[in-house]
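Please consider the model shown below. The paragraphs after it proceed from the overall fold to individual residues.

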Amino acid sequence: MRLFLVDTLTAVLFFTTVAALSELLIAGMAPAAVLFTRLVMIPVMVATGRPYGWWRDTLFRRFAPRRAAARTALDIAAFISFQAPVYALTLLAAGATAAQISAAVGSALVLMVLLSRPYGLLLDWARRAAGVTPA
C-alpha cells in the first residue's frame, strides 16, 4: 500500500506541474481547459501512478542497466511508452482539438525525453524516503 501511495503522489505532483505548464505555455490551451484537463487527470494519475512504477521496475529488472546512459535511455523508453498514450487519450477525453492534442503530445514528448530521468530519480528518492522498495 505504501508503494502505491508513494508512486501515486509522486506522479500527481510531477505530472500536474509539468503538464499544466506545457498545456498553457506550449499548446496554448485556455486556463479553463488546462484546469479541466488537470482535474480529469487526477483519477488517471491515481489509476496509472503505480502501474507506471511497476512498468518502469519491470523494465529495469529485465534489462538491468549498469551505466548511467543506459539507465537514462531506459527511463526515457519506459516513460514514453507508458505516458504518451495515456496523455493523448486524456486530452481527447477532455475535449482538446486534434491540433491541441498534437501540440501538447508533441511538446510533451520533448519534455518526456528531458524529464524522464529526473522523474525516475525523483521516484527512486521518494521511495527511499518513504522506506519502500519496488515489488
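The following account treats the chain as a whole, then its nonpolar core, and then selected residues in helices and loops.

The structure is a predicted model, in which local features need pLDDT of at least 70 and side-chain atom pairs count only at pLDDT 80 or more, whereas totals for chains, interfaces and linings use all residues. Residues are numbered from 1 along each chain as its sequence is written, and side-chain values use heavy atoms, with hydrogens and water left out.

The chain contains four helices and zero strands, and its elements follow the order α-α-α-α from the N terminus. The radius of gyration is 15 Å, close to the 14 Å that the globule rule gives for 135 residues, so the chain is as compact as a globular protein of that length. Here the helices (H or I, at least four residues) and strands (E, at least two) are DSSP runs, numbered from the N terminus. The radius of gyration is taken over C-alpha atoms, and the globule rule is 2.2 Å times the number of residues to the power 0.38. Along its principal axes, the C-alpha trace spans about 40 × 30 × 20 Å.

Contacts and surface complete the overall description. Contact means heavy atoms within 4.5 Å. Of the contacts in the chain with a separation of 6 or more, 75% are accounted for by residues 24 or more positions apart. The chain exposes about 7200 Å², of which carbon and sulfur atoms supply 76%; accessible areas come from the Shrake-Rupley method with a 1.4 Å probe, and for residues only the protein chains shown count as cover. Of the 135 residues, 41% count as buried, where buried means under 20% relative accessible area, exposed over 50%, and partly exposed in between (1.4 Å probe, protein chains only). There are 12 positive and 5 negative side chains, and the centres of the two sets lie 8 Å apart. In this count Lys and Arg are positive and Asp and Glu negative, with His and the chain ends not counted; the place of a charge is taken as NZ of Lys, CZ of Arg, CG of Asp or CD of Glu.

Which residues touch the most other members of the largest nonpolar core? Among its 28 residues, they are Phe 15, Tyr 52, Phe 79, Tyr 87, Leu 91 and Tyr 119. The elements that give two or more residues to this core are α1, α2, α3 (68-93) and α4 (98-130), and α3 gives the most, with eight residues. A nonpolar core is a set of buried Ala, Val, Leu, Ile, Met, Phe, Trp, Tyr and Cys residues joined through side-chain atoms within 4.5 Å. In soluble globular proteins, nonpolar side chains tend to be buried together. Leaving aside residues up to four places away in sequence, Leu 91 touches Glu 23, Met 29, Thr 37, Ala 96, Ile 101, Ala 104 and Val 105.

Several other helical residues may be followed in the same way, with neighbours up to four places away in sequence again set aside. Gln 83 lies in helix α3 and counts as buried at 6% relative accessibility. Its contacts are Phe 15, Tyr 52 and Met 112; two of these residues, Phe 15 and Tyr 52, were named above for the core. Thr 48, in helix α2, counts as buried at 15% relative accessibility and is in contact with Phe 82 and Val 86. Gly 53 is also placed in helix α2; at 0% relative accessibility, Gly 53 counts as buried. The contacts of Gly 53 are Asp 7, Leu 123 and Arg 127. In helix α1, Ala 19 is buried, with a relative accessible area of 11%, and touches Arg 38 and Tyr 87.

The loops present another setting. Ala 30 is found between α1 (2-26) and α2 (31-63) and counts as partly exposed at 42% relative accessibility. Ala 30 and Ala 19 are 11 residues apart in sequence, and their C-alpha atoms are 13 Å apart in space. Ala 64 belongs to the loop between α2 and α3 and, at 44% relative accessibility, counts as partly exposed. What is the phi of Ala 64? The angle is near 40°, a positive value in a residue other than glycine. Most residues other than glycine have a negative phi.
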